[in-house]
Amino acid sequence: MKYVHVRWKHDRAEEPSHLWYEVAVDKFQNRTLELYADGSAGFAIRGSAEDGSDDLEVGGTRNSTEGFPDVEEINADRQFEASEVTAAEFEHPWRKVLAARPRMTSLLTIAIDGPAGAGKGTLARRLADHYRLNLLDTGLTYRAVAHALLQVGLPLDNVSAAETAARQVDLAKLDRAVLSAHAVGEAASKVAVFPTVRRILVEKQRDFARTPPGAVLDGRDIGTVVCPDADIKLYVTASAEVRAKRRLAEIESIGGTAKFTEILADIVRRDERDMGRADSPLKPAADAHLLDTSEMAIEAAFLAAMAIIDDALARRNKA
Ligand code: C5P
């Protein structure tokens with residue numbers, strides 16, 4: 001029988017905030033341990049009851065230190081063993097677990113940059129799921145600013161209105177459905193040239209990245225400006241033609257129509273604006289891994305990114 005030792009963190013005042021448990025995990029699949037920035041950990045376990053009759057999911061959401069069920073409750077319902085161990089007993093096996101599972105680090109940041117339509121959004125989502133990290137599409141923050149100005153009919157070069165809108169951006173309330181419109185993306189790249197707007201949004205993005213257990217952020221300046229110390233930096237690109245074809249296929253898949261040449265022209269124009277601006281232009285960080293998805297399906301890109309990340313984490317853990 002294999003055992004994983006879990007430090008249980010909760011915020012109930014009537015009990016010590018950290019208890020130590022030894023949990024038999026062989027009965028479960030997809031178990032995940034998460035070590036938080038304050039050094040405590042929670043666990044999430046997904047699996048089935050011993051007789052296979054009953055799917056169960058215990059644990060909190062991936063960035064939560066709350067919402068874990070009581071151990072008593074788990075025991076009563078699910079009958080897996082949990083026995084208290086001391087901190088000293090815990091220490092040794094926990095280190096081994098950490099070494100074997102690189103993602104259980106205090107804070108993990110994966111920075112993904114690249115031009116529009118290179119596939120970084122899908123990749124970021126897959127990686128955040130796989131490594132159980134928070135996810136932020138930073139493009140949405142610039143889109144939210146542009147959308148706020150468009151809504152009230154203000155010109156996109158009204159810097160003070162853009163700053164006010166930037167201050168009001170709430171990362172928890174970014175509405176992709178509203179913000180994903182093509183025109184909003186275009187407008188976003190116009191407000192994104194203002195350094196003061198960028199500073200306000202970058203601060204919010206950094207706060208997000210600092211929230212345990214860490215995050216995948218995708219955008220244009222994540223590896224260079226927002227998180228220059230990110231554990232892993234990926235620069236995802238593809239030829240403008242391939243990106244235009246993908247965009248066209250996307251539009252057609254939802255019943256829309258568009259002209260390839262116009263989409264291509266848009267993409268080229270947006271690249272020029274993003275790469276040519278003075279503040280935080282789009283470019284690969286010096287230590288970024290380049291991933292050209294021109295000839296690569298998303299699954300292949302995901303596997304390639306995973307190999308890069310696992311390798312970097314294994315090296316970091318050895319250091
Ligand atoms: O990625 P998305 O197309 O949603 O981004 C919209 C625009 O927001 C980009 O064209 C870019 O000008 C701006 N942006 C940025 N920095 C980021 C993310 C997006 O300047 N980190």
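Trainee: Which of the 14 residues around the ligand come nearest?
Mentor: G139, Y142, S189, A192 and G219. Keep in mind that this is a predicted model.
Trainee: And which elements give two or more residues to that shell?
Mentor: α4 (139-151), α7 (182-191) and α11 (260-276).
Trainee: How do the shell residues divide into nonpolar, polar and charged?
Mentor: Four are nonpolar, five are polar and five are charged.
Trainee: On to β9. Is the strand largely enclosed or open, and why?
Mentor: Largely enclosed by the rest of the structure, because six of its six residues, 214-219, are buried.
Trainee: Which residues point which way from β9?
Mentor: G214, V216 and D218 point one way. A215, L217 and G219 point the other way. G219 is also one of the residues that come nearest the ligand.
Trainee: How many bridges join β8 to β9?
Mentor: Four, and the two strands run parallel. β8 covers residues 134-137, and its L136 stands opposite L217 in β9.
Trainee: What about β7 and β9, in which sense do they pair?
Mentor: In the parallel sense, over six bridges. β7 is residues 108-113. A111 stands opposite L217 in β9.
Trainee: Switching topic. Where is P228?
Mentor: In the loop between α9 (222-226) and β10 (232-237).
Trainee: Buried, exposed or partly exposed, and why?
Mentor: Partly exposed, because P228 has 14 other C-beta atoms within 10 Å. Buried would take 20 or more.
Trainee: How far apart are P228 and A111?
Mentor: 117 residues in sequence, but 8.7 Å in space, C-alpha to C-alpha.

Methods
Residues numbered from 1 in each chain as written. Predicted model: local features only at pLDDT ≥ 70, side-chain atom pairs only at ≥ 80, totals over all residues. Near = placed C-beta within 6 Å. Nonpolar A, V, L, I, M, F, W, Y, C, P; charged D, E, K, R; others polar. Buried ≥ 20, exposed ≤ 12 C-beta atoms within 10 Å, placed from the backbone. Pairing = 2+ DSSP bridges.
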